Amino acid sequence: TFQLSGRGAHRRYGPVVVSLDGPIDRPRTTVRLANPLPAAQLSDVELQLIPSATGFAFTSTGGSMLGPYQAAGQINLPRGRGAVIDIQRLAVGGTVARGQLVVAQGGLAGQLLVGGGGLDGSIILSVPGGIQRVVARLTARDARFSGPPPISIARGQLSLTMLPDPRGTDVDATFEGTGLRRGTLSIARIAGTARLVDGVGTVRGSMAGARGRAFSARFPVDV
């Protein structure tokens, strides 16, 4: 057995620390990332890979925009085929996502089912033309997340198709909600659409404030 630890900086994910512990041919691996995805407020991410008969078991913890998360599952490495990531549990508050994703054509393909904690729906991933595609259909009913800041949604719906191409992201989304609160911000109603091609397009929407802090706004925004 041996132990080895190193640190560096990833071009996309920032500072990283990697530790290996165990037999040299199949060590237990721990990866720590301080701030790998600022847009989602991912922070203090730790990923542990433990060798198993079919590949690796994994666990992960960290912070996110919605609050602390915990994940567990299996990375299966079938002979002659792409890796399969079996996400047995990805939990944020009372909401849990489960499903299997296949590593294919430089991306991920498969489906995650989301349920609990007031949020239900699915997230489908595919890789058309070698570009990652994400399709999300989510419904919120009295959903609550710890943040920070705390987030609550009385009712809401999101329909999203996104292709995060490095050359320019495509987005086609519609959203609506009532009784939204994020920290001290309270919104009675919100609805809108987003249409982006190669990172350029328009976001249109309207929202109204809660009683006692009345306001209303419509916002076409070109990006």
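## Glutamine 157 in strand E12

At 46% relative accessibility, glutamine 157 counts as partly exposed. The structure discussed here is a predicted model. Glutamine 157 belongs to strand E12. Leaving aside residues up to four places away in sequence, glutamine 157 is in contact with Leu138, Thr139, Thr174, Phe175 and Glu176. Glutamine 157 and aspartate 120 are separated by 37 residues in sequence, and their C-alpha atoms lie 9.8 Å apart.

## Serine 152

Serine 152 is also placed in strand E12, which spans residues 151-163. Is serine 152 buried or exposed? Serine 152 counts as buried because its relative accessibility is 14%, and the limit for buried is under 20%. With residues up to four places away in sequence not counted, serine 152 touches Ala143, Arg144, Gly179, Leu180 and Arg181.

## Nonpolar cores

The largest nonpolar core has 22 residues, and the members that touch the most others are Phe58, Ile87, Leu101, Leu119 and Phe145. At least two residues of this core come from each of strands E3 (28-33), E4 (43-51), E6 (69-76), E7 (84-92), E8 (95-104), E9 (107-115), E10 (119-126) and E11 (133-145). E11 supplies the largest share, four residues. Another core, of six residues, lies apart from this one and includes Leu160, Val171, Ala173 and Ala194.

Which residues does leucine 119 touch, not counting those up to four places away in sequence? The contacts of leucine 119 are Thr95, Val114, Leu138, Thr139, Ala140, Ala143 and Phe145. Leu138 and Thr139 are also among the contacts of glutamine 157, and Ala143 is among those of serine 152.

Strands E4 and E5 (residues 55-63) pair in the antiparallel sense over seven bridges. In this pairing, serine 43 stands opposite glycine 63 in E5. The hairpin formed by E4 and E5 has three residues between the strands.

E5 also pairs with E6 in the antiparallel sense, over eight bridges. Alanine 57 faces glutamine 74 in E6. How many residues lie between E5 and E6 in their hairpin? There are five, and glycine 67 in the turn has a positive phi of about 135°.

## Aromatic rings

Over the whole structure, the search for aromatic pairs returns zero. A ring does take part in a contact with a charge: the charged end of arginine 26 sits over the ring of phenylalanine 56, at 5.5 Å from the ring centre.

Definitions and conventions: Residues are numbered from 1 along each chain as its sequence is written. This is a predicted model: local features need pLDDT of at least 70, side-chain atom pairs count only at pLDDT 80 or more; totals for chains, interfaces and linings use all residues. Side-chain values use heavy atoms; hydrogens and water are left out. Rings of Phe, Tyr and Trp (its six-membered ring) pair if their centres lie within 6.5 Å; planes under 30 degrees apart count as stacked, over 60 as edge-to-face and the rest as tilted. A charge sits over a ring if NZ of Lys or CZ of Arg is within 6 Å of the ring centre and within 35 degrees of the ring normal. A nonpolar core is a set of buried Ala, Val, Leu, Ile, Met, Phe, Trp, Tyr and Cys residues joined through side-chain atoms within 4.5 Å. Buried means under 20% relative accessible area, exposed over 50%, partly exposed in between (1.4 Å probe, protein chains only). Contact means heavy atoms within 4.5 Å. Two strands pair if DSSP finds at least two bridges between them.
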